[in-house]
Amino acid sequence: MPRDLSEMLPPYRIKVVEPIPFPTPEQRRRALAEAGYNPFNLRADQITVDLLSDSGTGATSAAQEAAAALGDESYAGARSWFRFRDEVRDLTGYRHILPVHQGRAGERILFTSLLTPGQICISNTHFDTTHANVTLAGAQPRDLPCREAADLDSTAPFKGNIDLDALERVLAGPEGHRVGLVLITITNNGLGAQPVSMANLEAVRELCRRHRVPFFLDAARFAENAWLVSQREPAYRGWTPRQIAARAFQLADGCVVSLKKDGLSAIGGFIGLRDDGLHAVCEANLIATEGFSTYGGLAGHDLERLAQGLREVVDPAYLRARAASTARLAQLVNDAGVDTVQPPGIHALYLNAGRLLPHLSPHEFPGHALGCQLYLDGGIRCAEVGSLYLGRTDDQHRLVTPAPFELVRLAIPRRVYTDAHLGYVAAVLADIAKNPERVQGYRIVSAPPLLRPFKVRLEPTTTAGAAG
Ligand code: F0G
């Protein structure tokens, strides 16, 4: 039998394209300086390859656009709503589905309806908006990642898992009565795109049942988690990604989902619930703040794109090709001498900037410095996940408590960039890795009191070096 080489290919070809800009080195240098050395402040037309986020940045399919043309924009009870609801219900099994315009809207509605001030929300890792929305609801977010997650080089298959012993200790301990929710993020975006095993989810369910605490999923990347389970968890070999995802949803009492990722659309999200009482409270909140419960801030054409996207995203050929593409990028980057969080996940690659740039202390934000260098050298935009994002600073904006790691996230939009684009990114990184000492550090010039990464402004700590 000849080998099946179709695995090497994504299961689509490109039908509509968009030009990408190629600013000159001088234009990039000026653009970054004007942006206060914060890539968030760059204009998209100053960027050659944009790896800032995989959220809402994917390409849609011809079938999605065809469905969008059928969008029913009736204020209430639109056809498109029923198509979306049935698709989500079929996948998740939840009785109640509430549409929202994006994940964080769902978080706000769920947490303000479910949590009371003073309660604790436990997670493998809260995403930053999730963390913020738990806090805004008056509750206290607490992360209990598994131990392997702290070893960036470990190739343990499920480093997204929650630490079950630590979870049980809290639930059975003196603070147990304060735990209002256990929320598992699949995949664990805050910790290297690592998946959560089904065995871990099953154990969380048991603990939550025993201690009568609601168990929810933050399932923004439910299909990618399911693919990694199908590849790494022997008990689920032979299951389809859709079957695995459905089983994960079945284990939980409900979910909050940003559909800007695995919904393969620019906008959207939903809350899934079994509990009638909680649904009634969330629905009232939804109608007051997002829109009527048959559109939740989304247009009919969005609901159509999402319903179709949810079918396409669980296609094994699509998931296999996407995982393989990220793995190839990881290989190229590792071969060039840049370490990444192991093993590679799917939606992003996390570069170990702390290790690549030992000449920069955390006070000079090595992750941010590497991100800026990728822009200066190659017009590539990405996001720091290190001390600039997670560290604590004093009122002079000096770093007081560094983050545990200095990482850079290269997020990979879905169906947007080819291996040629990713090969280019690896080549730019390889050039930096040949002479890493030329990467200069940064200091904060001004920062907002909340959500620092988005509006912070910085400057290089020295004028010599590579930025020129
Ligand atoms: N949960 C997770 C795990 C996320 O990664 C995100 C968003 C959200 C919730 C919030 O969803 O953006 O639709 O409101 N993550 C994006 C990212 C922004 O770049 O990782 P949203």
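How close do the axes of helix α6 and helix α7 come, and at what angle do they cross? Before the answer, a word on the model. This is a predicted model, in which local features need pLDDT of at least 70 and side-chain atom pairs count only at pLDDT 80 or more, while totals for chains, interfaces and linings use all residues. Residues are numbered from 1 along each chain as its sequence is written, and side-chain values use heavy atoms, with hydrogens and water left out.

Now to the helices. Helices (H or I, at least four residues) and strands (E, at least two) are DSSP runs, numbered from the N terminus. The axes of α6 (residues 164-172) and α7 (residues 198-211) come within 11 Å and cross at roughly 10°; axes are lines fitted to C-alpha atoms, for helices over the stretch in contact, and angles run from 0 to 180 degrees between N-to-C directions. The two helices are therefore roughly parallel to each other (angles under 35 degrees count as roughly parallel, over 145 as roughly antiparallel, 65 to 115 as roughly perpendicular and the rest as oblique). In their contact (heavy atoms within 4.5 Å), α6 brings L164, L167, E168, L171 and A172, and α7 brings N200, A203, V204, L207, R210 and H211.

Next, find the sheet. Its 7 strands form an open sheet with mixed pairing, in the order β2-β8-β7-β6-β5-β3-β4; two strands pair if DSSP finds at least two bridges between them. At the edges stand β2 (96-100) and β4 (140-143), each with a single partner strand, so one side of each has no neighbour in the sheet. Further in, β3 (residues 120-123) and β5 (residues 179-185) pair in the parallel sense over 4 bridges, and S123 has L183 of β5 as its bridge partner. Helix α7 also packs on this sheet, where α7 touches β5 and β6 (215-218) and makes about 145° with the direction of β6. Helix α3 (residues 79-92) lies across β2 and β8 (269-273), running at about 125° to β2.

The loop between β5 and α7 deserves a look. T187 is found there, and the peptide bond from I186 to T187 is cis, with omega near -15°. A193 is in that loop too, with a positive phi of about 60° although A193 is not a glycine. Most residues other than glycine have a negative phi, and most peptide bonds are trans.

Finally, step back to the whole chain. An automatic or database domain assignment divides the chain into domain 1 (3-54 + 315-460) and domain 2 (62-312). Their centres, taken over C-alpha atoms, are 26 Å apart, and 28 residues of domain 1 are in contact with 28 residues of domain 2.
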